[in-house]
There are 4 protein chains.
Amino acid sequence: MSFNTFGKLYRFTTWGESHGPAIGCVIDGCPPNIKINEKDIQKDLDKRKPGQSKFTTQRKEMDKVQILSGIFEGKTTGTPISMIIYNKDMRSRDYETIKNKFRPGHADYTYFKKYGIRDYRGGGRQSARETASRVAAGAIAKTHLGLLGCDLSKWNNRQIRKNPFFCPDKSSVKLWEKYLLSVRKSGSSCGAIIELRASGVPIGLGAPIYSKLDADIASALMSINAVKGVNIGSGMNSAFLSGVQNSDEIIKKGKKTIFKSNNAGGILGGISSGQDIIASFAVKPTSSILQSRKTIDKFGKNTKISVKGRHDPCVGIRAVPIGEAMLSCVLLDHYLMNKAQCGN
Amino acid sequence: MSFNTFGKLYRFTTWGESHGPAIGCVIDGCPPNIKINEKDIQKDLDKRKPGQSKFTTQRKEMDKVQILSGIFEGKTTGTPISMIIYNKDMRSRDYETIKNKFRPGHADYTYFKKYGIRDYRGGGRQSARETASRVAAGAIAKTHLGLLGCDLSKWNNRQIRKNPFFCPDKSSVKLWEKYLLSVRKSGSSCGAIIELRASGVPIGLGAPIYSKLDADIASALMSINAVKGVNIGSGMNSAFLSGVQNSDEIIKKGKKTIFKSNNAGGILGGISSGQDIIASFAVKPTSSILQSRKTIDKFGKNTKISVKGRHDPCVGIRAVPIGEAMLSCVLLDHYLMNKAQCGN
Amino acid sequence: MSFNTFGKLYRFTTWGESHGPAIGCVIDGCPPNIKINEKDIQKDLDKRKPGQSKFTTQRKEMDKVQILSGIFEGKTTGTPISMIIYNKDMRSRDYETIKNKFRPGHADYTYFKKYGIRDYRGGGRQSARETASRVAAGAIAKTHLGLLGCDLSKWNNRQIRKNPFFCPDKSSVKLWEKYLLSVRKSGSSCGAIIELRASGVPIGLGAPIYSKLDADIASALMSINAVKGVNIGSGMNSAFLSGVQNSDEIIKKGKKTIFKSNNAGGILGGISSGQDIIASFAVKPTSSILQSRKTIDKFGKNTKISVKGRHDPCVGIRAVPIGEAMLSCVLLDHYLMNKAQCGN
Amino acid sequence: MSFNTFGKLYRFTTWGESHGPAIGCVIDGCPPNIKINEKDIQKDLDKRKPGQSKFTTQRKEMDKVQILSGIFEGKTTGTPISMIIYNKDMRSRDYETIKNKFRPGHADYTYFKKYGIRDYRGGGRQSARETASRVAAGAIAKTHLGLLGCDLSKWNNRQIRKNPFFCPDKSSVKLWEKYLLSVRKSGSSCGAIIELRASGVPIGLGAPIYSKLDADIASALMSINAVKGVNIGSGMNSAFLSGVQNSDEIIKKGKKTIFKSNNAGGILGGISSGQDIIASFAVKPTSSILQSRKTIDKFGKNTKISVKGRHDPCVGIRAVPIGEAMLSCVLLDHYLMNKAQCGN
């Protein structure tokens, strides 16, 4: 059993290898009559695409998306939306030297052991290149969420889109830049923690018990390459709060319901409460690094590995639009689920 | 759309309210001809059941499980296994005073807003009582995993089962005891972090990309009541490691493959690597507390709430067998999925 | 992989063996705040229950349904509805003589070959007793469909509920009675064709392409014990019509859309057209017959079999309420699916 | 909720409109290391492609398939297989005259009513052009089934592939030819009944109760454009057999298990018995006909319609490879499901 499909009602299936002819996705279940602008999708893809600054991989891909079905005269028809992105800047020869070796901490070991066959060129299907498809699916979800008043980026002050790190604090940008340059220079890599917020999410999204909104967000974020931890609201820290501190008191001011804090991250019992949804996730440092590490090869022999290719020193940067995309898809999916069972 | 079913091939559906006549679950997809001993299931349920020490709720439930189908002459037949647990010790009147009020940080607010109807008695379906069903489903999964050499409790040194906190460190038990008594006395509650380990998990479990082993574990653990964060291996901490530190080097010693560290928590690219699976999760402090908190009622009016019922001061204790059960179910599910696509 | 769950949004899972302690089902995804009357469910179960006339099996079962969860103060809460029916009149000794023999045309052969274990008592899980659970699930679906104006029984003139065969033609009842008595006397059995109609089904139900309304009806009806063929509208006969004859012309009369015929059975392109849904299905003759037939036993030896138990000479009679139940569940499921994607 | 995905473990998702730039499918869950020959897929597509004889539509499409992912060095890798077929011979202007009218008996009425938007060019997504994707998915399933000894075409004597009607009886070919020419000349169309047989299917395939092998075959065949009825074995006729006639007696001859008849069509209790699987289905006459028919337009006004485009006078001819493809996919899917739960 294989799972390249995400979602329940708003579902997308991704396909494609890093160095194959193309990658793409098929969205099924999108409501009809939604105006789709190919430029909006492209704008989100541009945030993720490689080679945009010296802090990400130098592979040059235009990541130009093409819609092949499901749109008629600029609107969704309710049928599957197929999108394709052709791969352009592959240098498969970069991978010849590690073709039989496993990168410690990398999925090439487990994929080979599971499937007994390895597309070593650029990591094949394990490559984070697959995430471009998610961003495309997320862009369409965001369009629809926007119509519902739900906004993933309200929290983002203007700073966020103005620096290559999506950092909301201007004063930190210089420090991050310096740090990342040193990481790259040392032939190593580093991890990151990313926080996502969504405003305007209606109360009532979430399908208890095994598709709780937070369970689905956790699964969605954990499915992103290199992610090792997910928090909702206070997350792991909630273990250190007392019950009194942790309870987000509720008061009514006129017609408004106000929560005095948001330790819950906008989710109670797996259902959205109307507060901002807050989710954060940690990505581990890139496992393709220049420094030499001990490993074994396909034939079970001891060897050493040093990876030269063009890799992100910190995948956390490009993980921002991917996280946004996954959260958008989860929210739209749950919006539709809630509408089916509890909608008017 | 509602999701009271967990799993893909080894699937279970739970039902029942805290103060209804009974709770239960139906397991579908269990392989046939597995010897099932009702006593083994009961043993796991006993670890979770309430009223066992002064550190958990004082509700007295025997949690006696009864198997209604799917077993013939002591063996599974491959058809659905229905299990039922009757509720005995309900005191619904305890809930009369909060029947129209929402507990801050509790799901009674979101359930009411979603469904427009509230079974206030003991939290209804939001109650952690539902988790007894998961433990029963997990116990059967563990039986089968045991036959495969996969053991969730190998790591557990003898200490773990010997104290009410499932604490592996004998010297901490006294401290924890003292701490918990003070929490209860103050009319508040506290959270906890629980770590799970599974040994002997075969290489190759995990269904990339949207049902990665870690994504499914994250979803499974996040679906447990009060859980707010999930880590795999180094988890959120991996953001603070360098690429060199984080890469788990591999060496071959004779026929054995040895990893020099386990930051990955036994999972690479969403697929098990043969190392121990390590997952941890945080539970927030119980939201039903004695101390008075501001809230609103069903009619949108400001009020105060102080919850008297019989509640766990720390749900983290009883969360241990529940986490074990969920991890067992995920592992068996992925074992069957892998067998279908890549098995011999 | 095992499938004891039916439906996508309105889902039910059935469990239980013919001679186990009980059978039952769990409904997940029912909309909240629907008034449920246990008596209405019982009324439908009574239509299916055995031992009501000399034309069906003489096993006496009250088929008294008990609701264990999901209902609060007479209304659905949106959480799982668990229903249980205890088995009372089992005579397992009746099956001792055929315990190791396979009934030709019966599923006991394939179940044994698939699972390697056999619950021979009353057919175990293969028994049509499982269908009582479907009828219970269907009764709740019908309650909700009724609120939507959709009626499965409008077509049924008063005759239908007045004779043991659900026959709309009074003059045929005597003939059928005579025929069935002769079948039983000969120690054989007979099959039947059942036609179902639903009026008031809204336009637009159906999820193209692989969950078309007719595809789901076909699957639902074919899943009933002994069913071998399914027709929608003109069904197999449509192969004998010309394109001109087959096209159901459309005219507008005032505000009304009128179709001049209904060869389509109310479904075009897998989507309901607003016409009556017409589906028919054939059940084969019961395979448990008194007359001696050649077969083999569990050990692969040639033998003969003559089945004495209490069996229906024609399962077609009791198949009527089961077909109704399955069609009701499919219609409600698609109503919810359509609401999620295309509803206002 | 929308369903453009078929299957449970061997799953494919199709996308694309008749007159869009391309159509295609993504297969998920294919076992790894299966040798795939693009020519074999093309061969099956050639059987279905339009414009091959005067008895099918004159639209000229090469239906050249291109594999975009999931194959490495000629073998499946276990990751999604994306296939694309570009549309070449579209004449959208043919549809200008019926752009606002509904063809009686055609899905353009229901699609418009459901989605509120219409891609009128060539029927858009309702077009049977979608079935090319199924044939591609079926071709890969057949490759794998072949390795298992299961053969969909064993029954087919040499005649079948030698005439444009896939007719096993040489003497009928002339008659059919004459009949079809007269149908076309009259500006009408006709239906057909197609029978499928698969030999070598292992015992034990089928997932009771709601994914029985016959229920899934019924759903798969009913999902094909224009299909209105499905029979398994004796099908609707089994209603006219006595229990004695219908029971397929079993005898053992040496090591061989022999069934004396095959009314069951190789399926008992939803599980394959080892006999040939026999399934037949009826397609209605094409609804796009030249003769004038009464209908209404998008705005609810009475009008007449006469469809000129290039349509098949009998879609039954091209339905043969499509039925084969669907049956292949169902069989492989159930093979994998059975392996997961009951395999060694």
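Strand 4 and strand 7 (residues 81-86) of chain B pair in the antiparallel sense over 3 bridges; pairing here calls for at least two DSSP bridges between two strands. Helices (H or I, at least four residues) and strands (E, at least two) are DSSP runs, numbered from the N terminus. This is a predicted model, in which local features need pLDDT of at least 70 and side-chain atom pairs count only at pLDDT 80 or more, while totals for chains, interfaces and linings use all residues. Residues are numbered from 1 along each chain as its sequence is written, chains are lettered from A in the order in which they are written, and side-chain values use heavy atoms, with hydrogens and water left out.

**The sheet in chain B**
- Ile67(B) has Met83(B), in strand 7 of chain B, as its bridge partner.
- In chain B, 5 strands make an open sheet with the order 1-2-3-7-4, and the pairing is antiparallel.
- At the edges lie strand 1 (5-6) and strand 4 (65-67) of chain B, each pairing on one side only.
- Helix 3 (residues 131-147) of chain B packs on this sheet and touches strand 2 (11-16), strand 3 (22-28) and strand 7 of chain B, contact meaning heavy atoms within 4.5 Å.
- The direction of helix 3 makes about 35 degrees with that of strand 3 of chain B; axes are lines fitted to C-alpha atoms, for helices over the stretch in contact, and angles run from 0 to 180 degrees between N-to-C directions.

**A helix in chain C**
- Helix 7 (residues 319-342) of chain C has 24 residues and spans 34 Å from first C-alpha to last, close to the 34 Å expected at 1.5 Å a residue, where the expected span is 1.5 Å times one less than the number of residues.
- Of the 24 residues in helix 7 of chain C, 23 are buried (under 20% relative accessible area, with a 1.4 Å probe and protein chains only).

**Where chain A meets chain B**
- The contact draws 102 residues from chain A and 101 residues from chain B.
- Together the two chains bury about 8,300 Å², 61% of it on carbon and sulfur atoms; buried area is the accessible area (1.4 Å probe) that two parts lose on being put together, summed over both.
- On the chain A side, Met1(A), Tyr210(A) and Lys228(A) lose the most area to chain B, together 11% of what that side buries.
- The rule finds 2 salt bridges across this interface (a Lys or Arg side-chain nitrogen within 4 Å of an Asp or Glu carboxyl oxygen).
- Glu249(B) forms a salt bridge with Arg293(A), with the closest N and O atoms 3.6 Å apart.

**Where chain C meets chain A**
- Here the contact takes 14 residues from chain C and 14 residues from chain A.
- Chain C and chain A bury about 1,000 Å² between them, 53% of it on carbon and sulfur atoms.

Definitions and conventions
Buried < 20%, exposed > 50% of the residue type's maximum accessible area, 1.4 Å probe, protein only.
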